[in-house]
Amino acid sequence: YAALCPLAQLQYGKRGMDMQNLFVQPSARGQGVGAALVAGCRAHARGVGCVYLAVGTHPGNVKAAEFYLRQGFERRPPPGPQFGQQLVHSA
């Protein structure tokens, strides 16, 4: 499962989503379920007019960090979410 919570960068007039609690049962990991959840979250966020998707994880969770990087997220500096992804590229 994955949960999405709305975000906003009011100073820029941009809407986004924070992907929280992405979880895949251990027996289903490595089968594309997590990637499908991320794709669904990305599609939903775009569909409601969001221009970015953010996600955080525990700093010691190396496997999750590697997963998010493989999904196209980029590391972000603190204090916000650790990873972010532009859904729409501005001109």
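Leaving aside neighbours within four places in sequence, which residues is Gln 71 in contact with? That comes up in the third view. This is a predicted model, where local features need pLDDT of at least 70 and side-chain atom pairs count only at pLDDT 80 or more, while totals for chains, interfaces and linings use all residues. Residues are numbered from 1 along each chain as its sequence is written, and side-chain values use heavy atoms, with hydrogens and water left out.

View 1. Strands are DSSP runs of E with at least two residues, helices are runs of H or I with at least four, and both are numbered from the N terminus; two strands pair if DSSP finds at least two bridges between them. Strand 1 pairs with strand 2 in the antiparallel sense over seven bridges, and Ala 8 stands opposite Arg 15 in strand 2.

**View 2. Strand 5 and its two partners.** On one side, strand 3 and strand 5 are antiparallel and share four bridges; look for Leu 53, whose bridge partner in strand 5 is Gln 85. Strand 4 also runs antiparallel to strand 5, joined by two bridges, with Arg 75 opposite Phe 83.

View 3. Gln 71 turns up in the loop between helix 2 and strand 4. Its relative accessible area is 18%, so it is buried (under 20%; exposed is over 50% and partly exposed in between, with a 1.4 Å probe and protein chains only). Back to the opening question: beyond neighbours within four places in sequence, Gln 71 is in contact with Ala 35, Val 38, Arg 42 and Gln 85 (contact means heavy atoms within 4.5 Å).

**View 4. The largest pocket.** This one holds about 570 Å³ of space, and Val 24, Arg 29, Lys 63, Ala 64 and Phe 67 are the closest to its centre among the 25 lining residues. A pocket is an open set of points on a 1 Å grid over the protein atoms alone, where a 1.4 Å probe fits, with protein on both sides within 12 Å along at least five of seven lines; lining residues have an atom within 4 Å of a point. Helix 2 gives the largest share of the lining, six residues.

Terms used. Grid points are joined across faces, edges and corners, and a volume is the space filled by probe spheres set on the points.
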